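Have the viewer open while you read.

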Amino acid sequence: MKDLWDNALYKEDIRYVAGLALPWEKLHNARVLITGASGLIGSFLVDVLMWRNIHAGLHCKIDAVGRNRPYAQERFRPYWESGLFTFLVHDIIERMEMGESFDYMLHLASNTHPVAYATQPIRTIAANVTGTDQLLRYAAAHGIGRFLFASSNEIYGENRGDVEFFSEEYCGYIDCNTLRAGYPESKRCSEALCQAYRQEKGIDIVIPRLTRSYGPTLLPTDTKAMTQFIKKAVAGEDIVLKSEGNQYYSYTYVADAVAGLLTVLLKGENGEAYNIADAKSDIRLKDLAGVIAQMCGQRVVFEIPGNTERAGHSTATKARLDGGKVKKLGWTMAYDIPEGIGRTIRILKS
């Protein structure tokens with residue numbers, strides 16, 4: 001992990017997000033709970049907030065929640081002894097009994113990759129539905145300033161063929177009577193829970209909907225196609241495509257994803273959902289594989305997926321998100337696909 005902290009490009013990404021013109025004063029002296037803090041999005045977010053603590057006097061107390069203490073201790077080693085950082089070992093499916101209040105609660109914890117959907121379908125649903133309910137119950141009992149639920153582009157389901165881009169009001173088709181439906185349906189249910197608690201308990205809630213995110217903070221256990229492409233490229237191996245590759249999706253580099261999340265947290269309207277997306281990072285899967293292969297001088301080869309992988313794959317063929325709503329809050333995408341992929345590979349290789 002030390003190499004990641006010391007990498008010049010990664011530091012540049014952190015400084016970029018930490019230097020955005022956001023109302024950071026809302027986080028000054030605040031206490032923030034972050035679930036999924038060791039994940040791709042959460043770990044980058046922690047790095048940004050700690051950068052502001054160290055270099056800009058933010059004095060924001062971070063309570064990072066996760067299940068793997070040894071991994072977290074290595075990942076967050078520069079902050080482990082800081083009085084502004086605490087790691088809490090907790091399974092979000094279980095009731096949280098800290099008895100303390102937070103100014104902000106950010107729920108980022110979730111299974112987010114195909115093998116997990118197929119091999120841990122109960123946990124996938126429980127982390128989204130039971131976990132969200134547990135946190136909302138805690139928020140209602142102890143009082144918070146704002147609750148953020150990180151949702152997903154998967155809630156839109158399959159494009160019905162009537163639009164090119166999904167606005168926040170769009171609702172596509174999901175076959176709920178399948179194993180794979182557990183992830184998108186539970187994300188939909190979690191959003192409904194947020195609205196229920198907002199109405200009945202008066203909780204201030206915002207919902208950023210993240211696209212397929214990637215970056216140097218990817219986890220070794222991640223089995224998403226994009227992550228597998230990057231891992232192969234960094235290892236100097238051929239890129240393996242396990243479908244015809246016609247899927248047309250939105251993607252977001254982790255720095256842009258966290259910038260969008262912070263924009264929604266600090267500037268979003270209570271009760272609203274926001275797509276974190278820009279068309280300049282929309283690409284077909286086969287073209288994505290080609291871009292990565294070309295950058296690393298590798299080939300794209302086809303391989304038939306195994307039953308477990310196939311069971312976890314999304315059936316959506318076109319899922320492009322309209323990011324116009326979040327752009328009205330001031331968010332802009334800084335890294336398109338070539339730039340984001342290039343930075344990810346250079347950071348991981350170094």
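1. A definition before anything else: a nonpolar core here is a set of buried Ala, Val, Leu, Ile, Met, Phe, Trp, Tyr and Cys residues joined through side-chain atoms within 4.5 Å. Buried, in turn, stands for under 20% relative accessible area. Keep in mind throughout that this is a predicted model.

2. Now the core itself. The largest one has 84 residues, and the members that touch the most others are Leu27, Ile34, Phe85, Leu106, Leu288 and Ile292. Helix α9 (residues 254-267) is the top contributor to this core, giving 10 residues. There is also a second, separate core of 22 residues, with Leu88, Met96, Ala109 and Ala273 among its members. As background, nonpolar side chains in soluble globular proteins tend to be buried together.

3. Have a look around Phe85. Apart from neighbours within four places in sequence, Phe85 is in contact with Val46, Met50, Lys61, Ile62, Ala64, Phe76, Tyr79 and Trp80. Several aromatics meet here: Phe76, Tyr79, Trp80, Phe85 and Phe87 make up one aromatic cluster.

4. On to ring pairs, where the count comes to 12 aromatic pairs. Take Tyr79 and Phe85: their ring centres are 6.2 Å apart and their planes meet at 55°, so this pair is tilted. Tyr79 and Phe85 are both buried. Phe102 and Tyr138 give another tilted pair, at 6.3 Å centre to centre with 45° between the planes.

5. What does the pair of Phe102 and Tyr138 tie together? Phe102 sits in the loop between β3 (85-89) and β4, while Tyr138 belongs to helix α6, so the pair links parts that are 36 residues apart in sequence. Phe102 is buried at a relative accessible area of 2%, and Tyr138 counts as buried too, at 4%.

6. β4 runs parallel to β1 (residues 31-35), joined by 4 bridges, and Val32 has Tyr104 as its bridge partner in β4. β4 is likewise joined to β5 by 4 bridges, again in parallel. There, Leu106 stands opposite Leu148 in β5. Leu106 is also one of the residues that touch the most other members of the largest core.

7. Helix α7 (residues 182-201) comes next. Its 20 residues reach 27 Å from first C-alpha to last, close to the 28 Å expected at 1.5 Å a residue. Just after the helix, Gly202 takes a positive phi of about 75°.

8. Beyond neighbours within four places in sequence, Ser190 is in contact with Asn128, Val129, Thr132 and Phe149.

Key
Residues numbered from 1 in each chain as written. Predicted model: local features only at pLDDT ≥ 70, side-chain atom pairs only at ≥ 80, totals over all residues. Heavy atoms only, no water. Helix = DSSP H or I, 4+ residues; strand = E, 2+ residues; numbered from the N terminus. Expected span 1.5 Å × (residues − 1). Contact = heavy atoms within 4.5 Å. Pairing = 2+ DSSP bridges. Buried < 20%, exposed > 50% of the residue type's maximum accessible area, 1.4 Å probe, protein only. Phe/Tyr/Trp six-rings, centres within 6.5 Å; stacked < 30°, edge-to-face > 60°.
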